[in-house]
Amino acid sequence: MKDEIRKVSIKNYVLYYAVFPEYVELRRFLHGRRDRRELF
């Protein structure tokens with residue numbers, strides 16, 4: 001099963017996470033101005 005990365009904005013930050021049947025896995029918590037293309 002391929003996990004789906006989701007994101008949510010929290011003030012000046014972006015939280016990336018994956019949802020599984022029994023838990024939620026936090027992947028990254030980055031400042032919104034950071035260049036995210038280099039990280040994924």
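Is Phe29 buried, partly exposed or exposed, and what is its relative accessibility? Phe29 counts as partly exposed, at 49% relative accessibility, where buried means under 20% relative accessible area, exposed over 50% and partly exposed in between (1.4 Å probe, protein chains only). The model is predicted, so that local features need pLDDT of at least 70 and side-chain atom pairs count only at pLDDT 80 or more, whereas totals for chains, interfaces and linings use all residues. Residues are numbered from 1 along each chain as its sequence is written, and side-chain values use heavy atoms, with hydrogens and water left out.

**View 1. The open sheet of three strands.** Three strands, in the order β1-β2-β3, form an open sheet with antiparallel pairing; strands are DSSP runs (E, at least two residues), numbered from the N terminus, and two of them pair if DSSP finds at least two bridges between them. The edge strands are β1 and β3, each of which pairs on one side only. From one strand to the next the twist averages 25°, with axes taken as lines fitted to C-alpha atoms and angles running from 0 to 180 degrees between N-to-C directions. Strands β1 and β2 run antiparallel and are joined by six bridges, with Lys7 standing opposite Tyr16 in β2. Strands β2 and β3 pair in the antiparallel sense over seven bridges, and the bridge partner of Ala18 in β3 is Glu25.

**View 2. The turn of the hairpin at Lys11.** Strands β1 and β2 form a hairpin with two residues between them. Lys11, in the loop between β1 (5-10) and β2, has a positive phi of about 55° although it is not a glycine. Most residues other than glycine have a negative phi. Lys11 is exposed, with a relative accessible area of 83%.

**View 3. Two aromatic pairs.** The structure holds two aromatic pairs, where rings of Phe, Tyr and Trp (its six-membered ring) pair if their centres lie within 6.5 Å, and planes under 30 degrees apart count as stacked, over 60 as edge-to-face and the rest as tilted. Tyr13 and Phe29 form a stacked pair, at 5.2 Å centre to centre and with 10° between the planes. Because Tyr13 lies in strand β2 and Phe29 in strand β3 (residues 24-31), this pair ties together parts that are 16 residues apart in sequence. Phe20 and Tyr23 also form a stacked pair, at 4.8 Å centre to centre and with 25° between the planes. Phe20 counts as buried at 18% relative accessibility, whereas Tyr23 is partly exposed, with a relative accessible area of 46%.

**View 4. A nonpolar patch on the surface.** Val8, Ile10, Tyr13 and Phe29 form a nonpolar surface patch with about 350 Å² of accessible area together, the areas coming from the Shrake-Rupley method with a 1.4 Å probe. Patches are made of residues with over 30% relative accessible area and no salt bridge, like charges being joined within 9 Å and nonpolar side chains (Val, Leu, Ile, Met, Phe, Trp, Tyr) within 5 Å; a salt bridge is a side-chain nitrogen of Lys or Arg within 4 Å of a carboxyl oxygen of Asp or Glu. Tyr13, found in strand β2 (residues 13-19), is partly exposed, with a relative accessible area of 36%.

**View 5. Val19 and Glu4.** Val19 lies in strand β2 and counts as partly exposed at 34% relative accessibility. Val19 and Glu4 are 15 residues apart in sequence and 7.2 Å apart in space, C-alpha to C-alpha.

Technical notes. Helix = DSSP H or I, 4+ residues; strand = E, 2+ residues; numbered from the N terminus.
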